[in-house]
Amino acid sequence: MNADVPTDEKNGFEVPYVCHNVHVIYSRGIWHGDNPLDYTVPSLMMQLSLISVITRCVYFALKPFDQPLIVSQILGGVVLGPSILGQNVAFSTKVFPKKGRNVIDTLSIFGFTLFIFLIGVKMDPSMILRSSKKALAIGVLGFFISYGLASSVAFLLDHFLSLDQEISRVLPFVVTMQSISAFPVIACFLDELKILNSEIGQLASSSSIICDLCQWTVMSLKFAAKLAMAKSFKLTVGSLASVSLYIVVIVFAIRPAALWVIRHTPEGRPVKEMYIFAVLLALLCCGFIGEVLGLSSLLASLAIGLAIPDGPPLGAALVERLDCFVSVLLMPLFFTLCGLQMDVFAITKLENAGIVQLVVFVAFVGKIVGTILPPLFWKMPFRDALCLALIMSSKGIVELALLNDWKRKEVLNEEYYAIMIMSMVLITGVISPLVKVLYDPSRRYVAFKRRTIFHLRQQEELRVLACVHGQENVPAIMTLLQASISTSNVTVNLVVLHLIKLMGRSSPLLVSHHEREKPSLNPTLSERIFNAFKKLEEQSPGRLTLQYYKGITPYETMHNDVCSLALEKRTILVIIPFHKQWIPGQRVETTYAFRHLNKNVLEKAPCSVGVLIDRGNRSKPRHVMAHSSSYRVAVLFFGGADDREALSYAQRMARHLSVMLTLIRFACSSPSAHIVGGTDRSKMLDANILSDFKHNTVQAGRVSYREEVVASGASVVEVTKSVLERDYHLVMVGRRHGQSAIMLQLQKWSELGELGPVGEILASSDFACGASALVVQQQTKLWGLQDPEESTHLRKISC
């Protein structure tokens, strides 16, 4: 038994319990006379449940105001703490008794330790070496201007206002906290806003690492100065020697061991459980040793995390195993406890709160100024530079950890702790909706000229961006590209982008692939994909140029990599695989993350887009251009900009001597009705391209034209089905069609996905066919152009 008489500090009286059993953690139940809240396990479960419910309710209440999750979790703790519900003595003593706080506090700190370890695993320290001059300038100026301004104001206030000793001691810590832009905070903030791999997101990630480096440099110098002033020479030498030895062990023992694990884990195979166990054991042991040496377990866990290479296989495996448990259960507990320790009624001196807030405001202004100047110098638009400055000013988990540490060391009392929590919540709560309003990544993808095949000149180079998720996408895309490379002097400039889900990394990556000097016996998946396209380049000397890129990013924002690369490479056509894949045996696999990607690319791409539906028919030769057999292509033409784009692409294919092209034009049986809706200009453009096709292309002999008269949507389905059942290798159609009675009937028939009414028929699992399909959408976004049917010029096409 443990006797204790705790004191209620707020009300000045003793809580009437005398002792509690420290050996029994489980309750026998109320029927045996036990109060479950007097026992550790039921009390912890109730606390976790209450915290989860309250924070989730606060989150849903603040969601319309675009508040980040961390704000909701802190405010949830404020609701449960002495500021609101904790005002009730019975609630605070029963639900969150002081005798039971050690358990939940220890659990939250352990969760924070694991979180810091995962941050280290996800970080790529080499980003510092790869940082651009812009990121370097932003990180350095963003820290030192904020730190310098805030320190100067704090010094002047202390000198001229004769502040009391307590606030004079607090202000330097306020300056330190407000000057930093911690990488974990910025990465989490960008991820929640879904702009992690946008231009500003990547710049903010790099700049925050530079800012962290500046902060650690200043802290190290202060620590060294403090040790130098210490009276004990033994203490100074012992601390420096132990920390140095600790770092040497991590760099020369743990890091090589992690690299050995990676080398002995075949690509695509899971990491052995033994290796995961060894890493976690090393984390716990090093954390304990760090505490023994006087080095915080948080710093030790970060150092171990940095020693683990980010990304698959080892880093991704660790993140996959721990991330859900840590981020969903333990970290909300940490945030909530920060709010739970805050008492707004502890703020008794408003002048002290005003002084602290003045320093916070000056540091905030310094951060904005220091961050916004370099981008403006490099000609970044003011709106984007302001968004970057706001992002770099956001606060989060690192600042909370500092406040808790200072409160534990009694650097901050209850009053200043509450003031700092309130300022942090206010800054982050204001920044998040502002950034969402000001910054739209898709704005920069708007092209300033037409990038369509329809507007491409006859001898102009065709620029294609082919997106690949895995090796299963390669054969269909290669066959399509082979058909696109004619025997004339027209070249195809191909950019291959291997899209990889971001795993085990905190920062996205879009890099050009460089071949190894010596081919590897065990090439990576990216290398196998790029080698396949390299063979295609060797088969088409002078007619195909290739570039390879690898994009590692979350599925939610993967379209940013596609669109930004398409804009940079002045791409005419983006080819993306359909989210359904046909497997031999008539089995269909659907990837909904790919569907989300495709919808975003179709909506935001700066050029035309083709969604390639691979039926997975292995009975027909894939690389037909390498064989004497012909490649049969059918185009379904209803009318509209997208159908014209599909027909323009097919006409380019028709220049290849092995391509046999059939154009099937659909017409309405009723003279007064139209097969699709559209403006008079659109109908004129349809008539022009059909006239060009019949008078020029058909004369090639390998090209045919026929009309199909239909009376209803069912007739369209029947004709399309008959086309699919014929011996075609590829069927092409536009994605969007103007509204008409027949199109409305087709919309009711199909599930209406991202392919449009006719495209969904081609992708339907109801039809057993071996033909692949390409659903084409003409460029929809052009600067200053609202009508997609407008064009800068008409052109004549001829074989």
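Visitor: What makes α13 bend at Leu322, in terms of how a bend is defined?

Guide: The bend at a residue is the angle between two axes, one fitted to the seven residues ending there and the other to the seven starting there; for α13 at Leu322 that angle is about 45°. This is a predicted model, in which local features need pLDDT of at least 70 and side-chain atom pairs count only at pLDDT 80 or more, while totals for chains, interfaces and linings use all residues. Residues are numbered from 1 along each chain as its sequence is written, and side-chain values use heavy atoms, with hydrogens and water left out.

Visitor: How do you know that the span of helix α13 agrees with its number of residues?

Guide: Helices are DSSP runs of H or I with at least four residues, strands are runs of E with at least two, and both are numbered from the N terminus. The expected span is 1.5 Å times one less than the number of residues, so the 27 residues of α13 (residues 314–340) should span 39 Å, and the 36 Å between its end C-alpha atoms agrees with that.

Visitor: Why is Tyr59 called buried?

Guide: Buried means under 20% relative accessible area, exposed means over 50%, and partly exposed lies in between (1.4 Å probe, protein chains only); Tyr59 has 16%, and is therefore buried. In α13, 19 of the 27 residues are buried, so the helix is mostly covered.

Visitor: Why is the pair of Tyr59 and Phe60 called tilted?

Guide: Rings of Phe, Tyr and Trp (its six-membered ring) pair if their centres lie within 6.5 Å, and planes under 30 degrees apart count as stacked, over 60 as edge-to-face and the rest as tilted. The centres of Tyr59 and Phe60 are 5.8 Å apart and their planes stand at 55°, so the pair is tilted.

Visitor: What makes Trp260 and Tyr275 an edge-to-face pair?

Guide: Their ring centres are 6.0 Å apart and their planes are at 85°, so this pair is edge-to-face. It links distant parts of the chain, with Trp260 in helix α10 (residues 233–263) and Tyr275 in helix α11 (residues 273–293), 15 residues apart. Trp260, at a relative accessible area of 39%, is partly exposed, whereas Tyr275, at 11%, is buried.

Visitor: How do you know that Lys407 lies over the face of Tyr417?

Guide: A charge sits over a ring if NZ of Lys or CZ of Arg is within 6 Å of the ring centre and within 35 degrees of the ring normal. Lys407 is placed over the face of Tyr417 at 5.5 Å from the ring centre, and the charged end of Arg644 sits over the ring of Phe454, 5.7 Å from its centre.
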